[in-house]
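Please consider the model shown below with attention to its charged side chains. The paragraphs that follow lead through the pairs they form and the places where they gather.

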Amino acid sequence: EGFGVTIPAEVLLGRARPHLTAGGAPCLVLEPEDEALYLAVHAAGHCFDRLLWLYDLKLLHARECRLDWDAVAAKARALGVMAALAITCDLLRRRLGVAVPLESVGRAPARLGRRIVSRFVDGRIAPPAQGPLVTLRHLLVMAALCDRPGAAATFLRHHLARIARRRARRWLPAARW
């Protein structure tokens, strides 16, 4: 339910390639463009609270020197997570010096949302403390990064209902849920 859309795993796994781990166990590995998209959306979905998620993308970019950022951007547009990809790429360039081509992500929606989110994450070193204001900030940042207003409304409705259910269970433990 991140960014008001659901990314179907079947699409990503359908393009995954077989791989053997260092211990010889078989597994599937996402194609590099799908991996980049997944890591970018995951980092944005956590409001970039940990630099490590961006660093994973930097390592992927270094390992996959022919990473097709235009393909990553096309997949992000098709899935409705272009704004999340764009802010991630912006942070990759500014904070970690990764040369993501600007033209690949230049036409992302929610430009105002991206500027607001940049203000929240610039200069932060550690994850913020927990609490209701942090939760509210997180929800608003995520809504600002939704590609479409309808997706932002879906995202907020889903997560506010989830918060309300959890609070009701905590405050009314004897009620049947």
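In this predicted model, the structure contains 8 salt bridges. One of them pairs Arg 17 with Glu 64, whose closest N and O atoms are 3.8 Å apart. Arg 17 belongs to strand 1 (residues 17-20), while Glu 64 sits in the loop between helix 3 (51-63) and helix 4 (69-79), so this pair ties together parts that lie 47 residues apart in sequence. With a relative accessible area of 38%, Arg 17 is partly exposed.

A second salt bridge joins the side chains of Lys 75 and Glu 31, with an N to O distance of 2.4 Å. Here Lys 75 is in helix 4 and Glu 31 in the loop between strand 2 (26-29) and helix 2 (32-45); the pair therefore ties together parts that are 44 residues apart in sequence. Is Lys 75 buried or exposed? Its relative accessibility is 18%, so Lys 75 counts as buried, the cut-off for that class being under 20%.

When its neighbours within four places in sequence are left aside, Lys 75 is in contact with Arg 15, Glu 31, Glu 33, Asp 34 and Leu 37.

Arg 93 is partly exposed, at a relative accessible area of 23%. Beyond such individual pairs, salt bridges that share partners link Arg 15, Glu 31, Asp 34 and Lys 75 into one network.

Which residues gather in a patch of positive charge on the surface? They are Arg 162, Arg 165, Arg 166, Arg 169 and Arg 170. Arg 170 has its place in helix 9 (residues 149-171). The relative accessible area of Arg 170 is 54%, and since residues over 50% are classed as exposed, Arg 170 falls into that class.

Taken together, the description has covered a network that includes the buried Lys 75 and a surface patch that includes the exposed Arg 170.

How values were computed: Residues numbered from 1 in each chain as written. Predicted model: local features only at pLDDT ≥ 70, side-chain atom pairs only at ≥ 80, totals over all residues. Heavy atoms only, no water. Salt bridge = Lys/Arg side-chain N within 4 Å of Asp/Glu carboxyl O. Helix = DSSP H or I, 4+ residues; strand = E, 2+ residues; numbered from the N terminus. Buried < 20%, exposed > 50% of the residue type's maximum accessible area, 1.4 Å probe, protein only. Patch = residues over 30% accessible without salt bridge, like charges linked within 9 Å, V, L, I, M, F, W, Y side chains within 5 Å. Areas by Shrake-Rupley, 256 points an atom, 1.4 Å probe, with all protein chains shown as cover. Lys, Arg positive; Asp, Glu negative; His and termini not counted. Charge placed at Lys NZ, Arg CZ, Asp CG, Glu CD. Contact = heavy atoms within 4.5 Å.
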